[in-house]
Amino acid sequence: MRRQLTPDFAIYYDDAGSGEPLVLLHAFPLSRAMWQRQREALQNEFRVITPDLRGFGGTGAFGQTPSLEQMADDVAQFLDTFGLKQVVLGGLSMGGYVALAFARKYPDRLRGLILADTRAEADSDEGKANRDKMIEFARTHTSAEVFEQLLPKSLTEKTRRENAELVAEVRRIAGSQSISAVFAALQAMRDRPDSSDVLPSIRVPVLVIVGSEDGITPPAVAQAMVGRLPKAELATVTGAGHLSNLEQPEAFNTAVRGYLRSLG
Ligand code: MLT
């Protein structure tokens, strides 16, 4: 499905089920395709809306100065087109950075927040230097090649060894993203502001999810976020790395379902 936000910018998305609206924002360098297991499992009880973030999937491209705030603005405008004033917003990794940018700018539009395998801090100096290396790499390589660099840290060693189908699926999603989106999103992530100061101001209950073996945003990072949030619970997904919703969908979905029910 597709929503035209301006004459030259449209967001592609899936919208399944009815009930409490849950909007899920995908990781880098993926698309809404990564939420298929959540859509299927949760749509019998909730309305699950999964947009492609700017540049990814079918959604229109970044402008001159890519930013995660721009992606958050897109989400707000996108929700306006449905007349949705408040939603439960969830994001995994880059999607979580966007969800936090959204929480800063549109706090009244949150009914709940799910932060999965993500962090509130900006990139460290070392992180920025790595980001620059990856940006250089992206100048001369394909999005599939960029993802190959990330793959060892995205899925556990066990998944990579034993679940060839999932590895192929994630490679397929990453490999079909445009390199210009990959390039722009890397810049946007490198330049994102620190969102740590937003955490104490979030009034809604927050569900923090983390894969027990997440090497990019490890459990200690998730725990620290929980410590700074006024109302938060932590769900650790055993046997999952960074892409916890894909590696252990049942445990991930159980945590999300329980949280959504608790919102009443
Ligand atoms: C992601 O999964 O979205 C990325 O790992 C985020 C990042 O590189 O910071």
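In which helix is Ser143 found? Ser143 belongs to helix H5, which spans residues 143-154. The legends below describe a predicted model, in which local features need pLDDT of at least 70 and side-chain atom pairs count only at pLDDT 80 or more, while totals for chains, interfaces and linings use all residues. Residues are numbered from 1 along each chain as its sequence is written, and side-chain values use heavy atoms, with hydrogens and water left out.

**View 1. Ser143 and Ala144 in helix H5.** Helix H5 holds Ser143 and also Ala144. Helices (H or I, at least four residues) and strands (E, at least two) are DSSP runs, numbered from the N terminus. Ser143 counts as buried because its relative accessibility is 5%; Ala144, at 33%, is partly exposed. Buried means under 20% relative accessible area, exposed over 50%, and partly exposed in between (1.4 Å probe, protein chains only). The side chain of Ser143 reaches the backbone oxygen of Gln177 at 2.7 Å. This is described as a polar contact, that is, a pair of N or O atoms within 3.5 Å; within protein, one must be able to donate a hydrogen and the other to accept it, and residues adjacent in sequence count only if both atoms are side-chain atoms. From C-alpha to C-alpha, Ala144 and Ser176 are 7.6 Å apart in space, although 32 residues separate them in sequence.

View 2. The residues around the ligand are Ala27, Phe28, Ser93, Met94, Tyr97, Arg131, Met189, Ile216 and His242. A residue is included if one of its heavy atoms lies within 4 Å of the molecule. This shell divides into 6 nonpolar, 2 polar and 1 charged residues. Here Ala, Val, Leu, Ile, Met, Phe, Trp, Tyr, Cys and Pro count as nonpolar, Asp, Glu, Lys and Arg as charged, and the others, Gly among them, as polar.

View 3. An N or O atom in the side chain of Ser93 is 2.9 Å from an oxygen atom of the ligand. For Met94, a backbone N or O atom lies 2.9 Å from a ligand oxygen atom. His242 places a polar side-chain atom 2.9 Å from an oxygen atom of the ligand. On its own, the ligand has 270 Å² of accessible area, of which the protein covers 91%; such areas come from the Shrake-Rupley method with a 1.4 Å probe.

View 4. Most residues other than glycine have a negative phi, and most peptide bonds are trans. Ser93, in the loop between strand E5 (87-92) and helix H3 (94-105), has a positive phi near 55 degrees. Ser93 counts as buried because its relative accessibility is 8%. Asp117 lies in the loop between strand E6 (110-116) and helix H4 (125-139), and its phi is also positive, near 45 degrees. With 1% relative accessibility, Asp117 is therefore counted as buried. Phe28 and Pro29 are joined by a cis peptide bond with omega about -10 degrees. Pro29 has its place in the loop between strand E3 (21-25) and helix H1 (36-42).

**View 5. Phe252 in helix H11.** Helix H11 (residues 249-263) contains Phe252. Phe252 is buried because its relative accessible area is 2%. The C-alpha atoms of Phe252 and Phe78 are separated by 26 Å, and the two residues are 174 residues apart along the chain.
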